[in-house]
Amino acid sequence: VWGQQFNPVKVPLQPHATRYDRAIFSSDRTKLVTAHDETAQLWDVATGRLVATLSGHHKRILAMAFSPDGRTILTGSADNTALLWDAATGRTIGAPLAHMYEVWKVVFGSDGMRILTIAHGSDSITPTQSTLKTGEVMLWEAATGKPISNFPEHRGPVYCAALSPDGTAVLTGGDDETARLWRTVDGKLLTNFGGHKGMVTA
């Protein structure tokens, strides 16, 4: 672990079985989550102590996020689910958030009350046609895991999504060279920002 001035801080984190695939800090930099394959580990940064092992996914973890207050962790996996975790105990909160495809990105809203998940995969159109990649973006209540809206109208994978600060709108970007603005309360498409000359990834 390194300090703000890029000086090493001697915290003896015990590694996963082989390597880390990804790692994230809480906003106050007191907690750290690392992941390898289907397992994540929660650490206390000051001491290097392992707080909890997050075991619940059945395939590789592809995305992770802390809530703004650092009390909740969100993970997305190749097992087509996202999971919410209590950052104090390492226990799951509620049922898995089910998707049709692998969950590649997870995002908390600025108030921590809502979360966005992005999943994409591939569907075979017919036995004779090539595979068409597709995706889904879903909005959930962070406290309960209850789905609020989904945003299905991109043609192809969705690569990025952001929730407005007031929680009333979602902006998505995808492989179809568009960015799209949606109303969160009912998932209605408000504006299609076309004219890009390539996929929208950020």
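**View 1. The hairpin of E7 and E8.** Gly-90 takes a positive phi near 80 degrees in the hairpin of E7 and E8, where five residues lie between the strands. Strands (E, at least two residues) are DSSP runs numbered from the N terminus. The model is predicted: local features need pLDDT of at least 70, side-chain atom pairs count only at pLDDT 80 or more, and totals for chains, interfaces and linings use all residues. Residues are numbered from 1 along each chain as its sequence is written, and side-chain values use heavy atoms, with hydrogens and water left out. E7 and E8 run antiparallel and are joined by four bridges; Thr-81 has Ala-98 in E8 as its bridge partner.

View 2. Gly-76 stands opposite Ala-82 in E7. Three residues lie between the strands of this hairpin, and Asn-80 takes a positive phi near 70 degrees.

View 3. In strand E7 (residues 81-86), five of the six residues are buried, meaning under 20% relative accessible area (1.4 Å probe, protein chains only). Leu-97 belongs to strand E8 (residues 92-98) and counts as buried because its relative accessibility is 2%. Beyond its neighbours within four places in sequence, Leu-97 is in contact with Asn-80, Thr-81, Ala-82, Ile-115, Trp-140 and Gly-145; contact means heavy atoms within 4.5 Å. Lys-146 is 49 residues from Leu-97 in sequence and 8.4 Å from Leu-97 in space, C-alpha to C-alpha.

Conventions: Buried means under 20% relative accessible area, exposed over 50%, partly exposed in between (1.4 Å probe, protein chains only). Two strands pair if DSSP finds at least two bridges between them.
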